[in-house]
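Here is a friendly tour of a protein model, meant to be read with the structure open beside you. Please turn the model as you go and look up each residue as it comes along.

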Amino acid sequence: MQLELENIWKSFDGQPVLRGISLDVVGGEVLVLLGPSGCGKTTLLRIIAGLEALDNGRIRYNDQDITQLAPYKRNFGFVFQDYALFPHKNVAQNVAFGLRMHHWDKPRIDQRVTEVLSLVGLAGYESRPIYELSGGEQQRVALARSLAPAPRLLLLDEPLGALDRALRERLMLELRGILKQAGGLLGRPEGMTAVYVTHDQAEAFAIADKVAVMRDGRVEQTGPPHSLYRQPRTPFVARFLGMANILSGEIVSRSPCVVRTEIGDLQIGDGRLESGPITDSPSLNILIRPEAARFAGGEVNEVHGRLQDISFRGRYQIITVALGDETQPLTLKFELETAVSLPPIQSSIRLSLDPSAIQLLESGEQSGEAVERWGDTAV
Ligand code: ATP
């Protein structure tokens with residue numbers, strides 16, 4: 001294990017901000033800390049960097065305890081949202097800054113500057129002044145500068161946060177490739193090990209090998225992007241990943257597993273109820289995944305409702321439907337293929353919900369009201 005965080009606690013003014021965080025990062029892995037504003041991501045990153053003292057816990061790097069090690073002795077690199085470049089120096093001077101501090105000789109500095117600029121897509125930019133560059137180019141320079149000394153861990157705090165949406169999307173696709181290639185270039189064949197902070201789910205998925213979803217100073221779930229997406233454990237994680245069809249219910253049958261909900265009795269999963277902490281309690285939460293709906297009903301899990309909205313998204317369309325009690329319906333959203341032709345808005349419709357796209361969640365705070373509230377922003 002390259003980086004190990006063990007039971008990290010931190011309070012500010014008596015207010016706990018980190019409450020017992022334990023995480024591991026293996027060599028070459030990109031760990032993304034994902035969570036809403038204020039959940040403690042930046043504080044954790046600063047603690048890893050040694051810029052913030054922790055109250056309790058331990059940090060190890062390659063089995064060495066570095067909890068009390070001075071930041072400059074950790075040999076970690078940083079990339080922040082505000083690029084923190086020297087505006088009146090040129091690109092090469094900015095990238096070379098850390099190398100000079102480490103007393104590299106000039107030919108070696110020049111070679112490394114050329115290599116990392118080419119890696120971040122800025123080959124030939126050496127003599128350009130920083131103030132002439134766009135925001136995206138400046139962030140590439142900041143990335144090149146932090147990679148140049150071949151840090152043993154790269155820490156990135158919302159590095160794309162200041163960029164406009166289109167540029168962010170482009171850079172986030174590129175960034176993962178840059179981190180993976182950087183390892184080979186810098187003599188770390190397993191890839192650059194990195195911890196990356198963001199509150200943006202799409203960015204986390206695009207960049208991460210492993211995502212840790214944080215909430216109120218704790219890690220709520222950790223896993224590779226695809227397994228988090230396939231198996232969110234709690235209502236909070238499901239919602240944060242953009243899946244908002246969460247209903248409370250109670251188990252009325254165990255084989256097949258049937259849960260009574262506000263929109264009717266729904267069969268769940270492959271028909272068998274797994275034992276375990278989730279299902280010990282008769283009342284629970286379920287997630288109906290956005291891809292669960294089949295238009296025009298079916299034999300299993302048929303639900304009736306009113307079509308409230310259709311949002312065209314190219315390869316698929318998102319429908320908003322009001323289901324259940326007509327006076328107090330629940331608003332849910334589903335994705336359907338674009339080829340499915342739908343009746344006019346406000347028509348009554350029948351859907352069937354695929355049991356294999358419905359799953360149990362660990363108990364949480366979510367209720368039908370919250371489904372509607374979140375229904376505006378998520379699917
Ligand atoms: P964001 O995405 O908004 O940056 P975050 O998840 O990174 O949020 P932190 O910046 O780690 O969260 O902050 C967590 C909490 O700790 C916040 O309530 C913040 O106000 C508080 N906090 C952070 N640094 C300090 C400090 N130096 N002194 C007092 N409180 C602080």
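The report below goes through domains, sheets, salt bridges and a few backbone details.

This is a predicted model, in which local features need pLDDT of at least 70 and side-chain atom pairs count only at pLDDT 80 or more, while totals for chains, interfaces and linings use all residues. Residues are numbered from 1 along each chain as its sequence is written, and side-chain values use heavy atoms, with hydrogens and water left out.

**Two domains**

Let us begin with the overall layout. The domain assignment divides the chain into domain 1 (3-235) and domain 2 (243-361); such bounds come from an automatic or database domain assignment. Between the C-alpha centres of domain 1 and domain 2 there are 39 Å. Domain 1 brings 7 residues to the contact and domain 2 brings 9 residues, where contact means heavy atoms within 4.5 Å.

The size of an interface is often given as the accessible area lost when the parts come together. Here about 660 Å² is buried between domain 1 and domain 2, with carbon and sulfur atoms giving 50% of that area. Buried area is the accessible area (1.4 Å probe) that two parts lose on being put together, summed over both.

**An open sheet and its helix**

Helices (H or I, at least four residues) and strands (E, at least two) are DSSP runs, numbered from the N terminus. Two strands pair if DSSP finds at least two bridges between them. With that in hand, look for an open sheet of 4 strands in the order E2-E1-E4-E5, paired antiparallel. Strand E2 (15-25) and strand E5 (64-65) are the edge strands, each pairing on one side only. E5 joins strand E4 (residues 56-61) in the antiparallel sense through 2 bridges, and Tyr61 stands opposite Gln64 in E5.

Helix H1 (residues 41-49) lies across strand E1 (3-12), E2 and E4, and runs at about 120 degrees to E1. Axes are lines fitted to C-alpha atoms, for helices over the stretch in contact, and angles run from 0 to 180 degrees between N-to-C directions.

Another antiparallel pair is made by strand E14 (residues 283-288) and E20, over 4 bridges. Ile288 has Ile358 as its bridge partner in E20. From strand E20 (residues 358-361), Ile358 and Leu360 point one way and Gln359 and Leu361 the other way, and all are buried. Buried means under 20% relative accessible area, exposed over 50%, and partly exposed in between (1.4 Å probe, protein chains only).

**Salt bridges**

A salt bridge is a side-chain nitrogen of Lys or Arg within 4 Å of a carboxyl oxygen of Asp or Glu. By this rule the model has 19 salt bridges, and the table shows some of them.

| Salt bridge | N to O distance |
|---|---|
| Glu115 and Arg112 | 3.2 Å |
| Arg168 and Asp200 | 2.4 Å |
| Asp265 and Arg260 | 2.8 Å |
| Glu291 and Arg230 | 3.5 Å |

Glu115 and Arg112 sit 3 residues apart in helix H3 (residues 106-119), so about one helical turn separates them. Glu115 is partly exposed at 23% relative accessible area, whereas Arg112 is buried at 13%.

Arg168 and Asp200 form a salt bridge that links distant parts of the chain: Arg168 is in helix H5 (residues 165-185) and Asp200 in the loop between strand E8 (194-198) and helix H6 (201-207), 32 residues apart. Arg168 and Asp200 are both buried.

In the pair of Asp265 and Arg260, Asp265 is partly exposed at 38% relative accessibility, and Arg260 is partly exposed too, at 45%. Salt bridges that share partners also join Arg168, Asp200 and Glu203 into one network.

**Backbone details**

Which residues does a cis peptide bond join? They are Ser255 and Pro256, with omega at about 5 degrees. Pro256 lies in the loop between strand E11 (246-254) and strand E12 (257-261).

Ala150 has a positive phi, near 55 degrees, though it is a residue other than glycine. Ala150 belongs to the loop between helix H4 (135-147) and strand E7 (153-157) and is buried, with 11% relative accessible area. Gln346, not a glycine either, has a positive phi of about 80 degrees. Gln346 is in the loop between strand E18 (330-337) and strand E19 (348-353) and is partly exposed, at 47% relative accessible area.
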